[in-house]
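Let's walk through a protein model together, one question at a time. Keep the picture open while you read.

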Amino acid sequence: MVCKKCGKEYEGKFCPECGTSNDGSASEKVEAPVQRQKKKKKGLIAAIVVIAVIVVIAAIANLGGNDDQPQSVNGSGNAANE
């Protein structure tokens, strides 16, 4: 059978190229899974980018946050200011 919409030759109820059924109407069953997969991939990429940004910010904060040298502690638990 040749698809009425895209012209691709196929066998079965729906065109594997564009999802059109034998009667010429587009099928939601064929198009919907493809759209869901694209949304999942975009969501996964966005999550990875957000996590990477958080890790970079945390690393920068850790490197720049402690410019002071550590103070020694005397026997009473107070910092020695000598």
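What follows is a set of questions and answers about this model.

This is a predicted model, where local features need pLDDT of at least 70, side-chain atom pairs count only at pLDDT 80 or more, and totals for chains, interfaces and linings use all residues. Residues are numbered from 1 along each chain as its sequence is written, and side-chain values use heavy atoms, with hydrogens and water left out.

Q: What is the mean pLDDT of the protein?
A: pLDDT is the predictor's confidence in each residue, from 0 to 100. Here 59% of the residues reach 70 or more, and the mean is 74.

Q: What percentage of the 82 residues is buried?
A: Buried means under 20% relative accessible area, exposed means over 50%, and partly exposed is in between (1.4 Å probe, protein chains only). Ser21, in the segment before H1, is buried at 12%. For the protein, the buried share is 10%.

Q: Which residues make a nonpolar surface patch of about 370 Å²?
A: Patches are made of residues with over 30% relative accessible area and no salt bridge; like charges are joined within 9 Å, and nonpolar side chains (Val, Leu, Ile, Met, Phe, Trp, Tyr) within 5 Å. Ile45 sits in helix H1 and is exposed, with a relative accessible area of 53%. The patch is made by Ile45, Val49, Val53 and Ile57.

Q: How many disulfides does the structure hold?
A: A disulfide is a pair of cysteine sulfur atoms within 2.5 Å. Cys3 has its closest cysteine sulfur in Cys18, 3.5 Å away, so that is too far for a bond. Cys15 is in no disulfide either, as the nearest cysteine sulfur, that of Cys6, is 3.6 Å away. The number is zero.

Q: Is Cys15 buried or exposed?
A: Cys3 has a relative accessible area of 4%, so Cys3 is buried. For Cys15 the relative accessible area is 1%, so the word for Cys15 is buried.

Q: Which side chains meet in a salt bridge?
A: Side chains of opposite charge can pair when their charged atoms come close. A salt bridge is a side-chain nitrogen of Lys or Arg within 4 Å of a carboxyl oxygen of Asp or Glu, and a search of the whole structure finds one. Glu17 is exposed at 55%, while Lys8 is partly exposed at 36%. The N to O distance is 3.9 Å, and the pair is Glu17 and Lys8.

Q: Which residues does Met1 contact, leaving aside neighbours within four places in sequence?
A: Met1 belongs to the segment before H1. From Met1 to Glu11 is ten residues in sequence and 6.0 Å in space, C-alpha to C-alpha. Met1's contacts are Lys8, Glu9, Tyr10 and Asn22.

Q: How far apart in space are Val2 and Asn22, C-alpha to C-alpha?
A: Val2 is also found in the segment before H1. Not counting residues up to four places away in sequence, Val2 touches Gly7, Lys8, Glu9 and Tyr10. Val2 and Asn22 are 20 residues apart in sequence, and their distance in space is 9.0 Å.

Definitions and conventions
Areas by Shrake-Rupley, 256 points an atom, 1.4 Å probe, with all protein chains shown as cover. Helix = DSSP H or I, 4+ residues; strand = E, 2+ residues; numbered from the N terminus. Contact = heavy atoms within 4.5 Å.
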